[in-house]
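Hi there,

Here is the structure I promised to pass on. Please have a look at it first, and then read my notes on what I found below.

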Amino acid sequence: MESIGTSGSGDIQRTLELLWEPERRPTRGPKPTLSVERIVLAAIEVADAEGIDAVSMRRLSTELGTGTMSLYRYLPGKAELLDLMLDRVQKPSEEPTALGTTWREAVEILARETFALYRRHPWLLQINQARPVLGPATLDGMEKMLVLIRPMGLTDPELLSVLIMVDGYVSGVARSHAHEIEATEQTGRTDTEFWTEQGPYLDQVMRSGRYPMMASLSPDTFGPGFDHFEFGLQRILAGLDTLVAARGADPAPVPPTPPPRPCAPLGPAPADGTATDHDGPPAP
């Protein structure tokens, strides 16, 4: 899956205004009949069903039953829309225990929820997010995670690295799953059919003695029964356990997260803000 979109490639200032002041109405033209939120949700639906490359202002105008130029009263273009989509799908849960009560529970749930997020929105794997435009949902999710993993006793750069490590692992597995689905759709051949066709040749090669190590592997080595995602996740958690123990961190549950502060209007620089509703924790 090639990268076909880049976050932060549009008008940064306008994107920040749309992220942090979503209720601001267009100042020109007749009374608005749409909203930024409705446009963003429609774009996400199209991307989920057909891929991010299917999202265009013209396509959205058809979905929303309006003229293409009408959408530009709400959004500058697709680049800014993409950043709003990225923030919207990462809205964390309002439930105080949605990510567990200990750092280990938080990291494990984060990994599983992030994997589920990529499965729901596979187009996320095609977006270059090296320069994310930080909106309220993204920052709210990071705030909650950092509060939960603070008791690990790591330095601040190490805490951030934990989030980066988890997302790197999960996105890699999710990308492999997406590639498998994509291969089946493009070729019309299932994984079972694909490997069955190679079976006779591979069996002959294994019997040649050229690959004794691979020939000695058990029949279930490459079977679907082994959960590679779970195996890798548990090794990550075990490694973090060892690191935390070495630092002498307090394993006690962390206190409840304090109530979020209300979003303040934007001035020259971004202000604090929060988001609600759940669609999966943020990918760092």
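**Overall layout**

Some housekeeping before the details: residues are numbered from 1 along each chain as its sequence is written, and side-chain values use heavy atoms, with hydrogens and water left out. This is a predicted model, in which local features need pLDDT of at least 70 and side-chain atom pairs count only at pLDDT 80 or more, while totals for chains, interfaces and linings use all residues.

**Confidence**

The average pLDDT (the predictor's confidence in each residue, from 0 to 100) is 86, and 82% of the residues score at least 70. Residues 251-255 fall below 50, and this stretch has six contacts in the model beyond near neighbours in sequence; a contact means heavy atoms within 4.5 Å. Residues 260-284 are also below 50, with 68 contacts counted in that way. Where pLDDT is low, the predicted coordinates should not be read in detail.

Of the 284 residues, 37% count as buried, using under 20% relative accessible area for buried, over 50% for exposed and partly exposed in between (1.4 Å probe, protein chains only). Among contacts between residues at least 6 apart in sequence, 80% join residues at least 24 apart.

D11 caps the N-terminal end of α1, with a side-chain oxygen 3.2 Å from the backbone nitrogen of Q13. This is a polar contact, meaning a pair of N or O atoms within 3.5 Å; within protein, one must be able to donate a hydrogen and the other to accept it, and residues adjacent in sequence count only if both atoms are side-chain atoms.

Further along α1, T15, L16, E17, L18, L19 and W20 are buried. The buried residues of α1 pack against α2 (36-50), α5 and α7 (136-149).

Helix α1 (residues 12-20) packs on helix α5 (residues 78-88) at about 35 degrees, with the axes 10 Å apart. Axes are lines fitted to C-alpha atoms, for helices over the stretch in contact, and angles run from 0 to 180 degrees between N-to-C directions. T15, L18 and L19 of α1 meet E80, D83, L84 and D87 of α5. Those residues divide into three nonpolar, one polar and three charged (Ala, Val, Leu, Ile, Met, Phe, Trp, Tyr, Cys and Pro count as nonpolar, Asp, Glu, Lys and Arg as charged, and the others, Gly among them, as polar).

**Helices α6 and α7**

The axes of α6 (residues 103-120) and α7 come within 8 Å and cross at roughly 145 degrees. W103, A106, V107 and L110 of α6 make the contact with M145, L148 and I149 of α7, giving seven nonpolar residues, no polar and no charged.

**Two residues to look at**

K78, in helix α5, is partly exposed, with a relative accessible area of 36%. The K78 side chain reaches the backbone oxygen of V55 at 2.8 Å, and the two residues are 23 apart in sequence and 8.0 Å apart C-alpha to C-alpha.

S61 sits in helix α3 (residues 57-64) and is buried, at 5% relative accessible area. Leaving out residues up to four places away in sequence, S61 touches T66, G67, T68 and L71.

Best wishes

Definitions and conventions:
Helix = DSSP H or I, 4+ residues; strand = E, 2+ residues; numbered from the N terminus.
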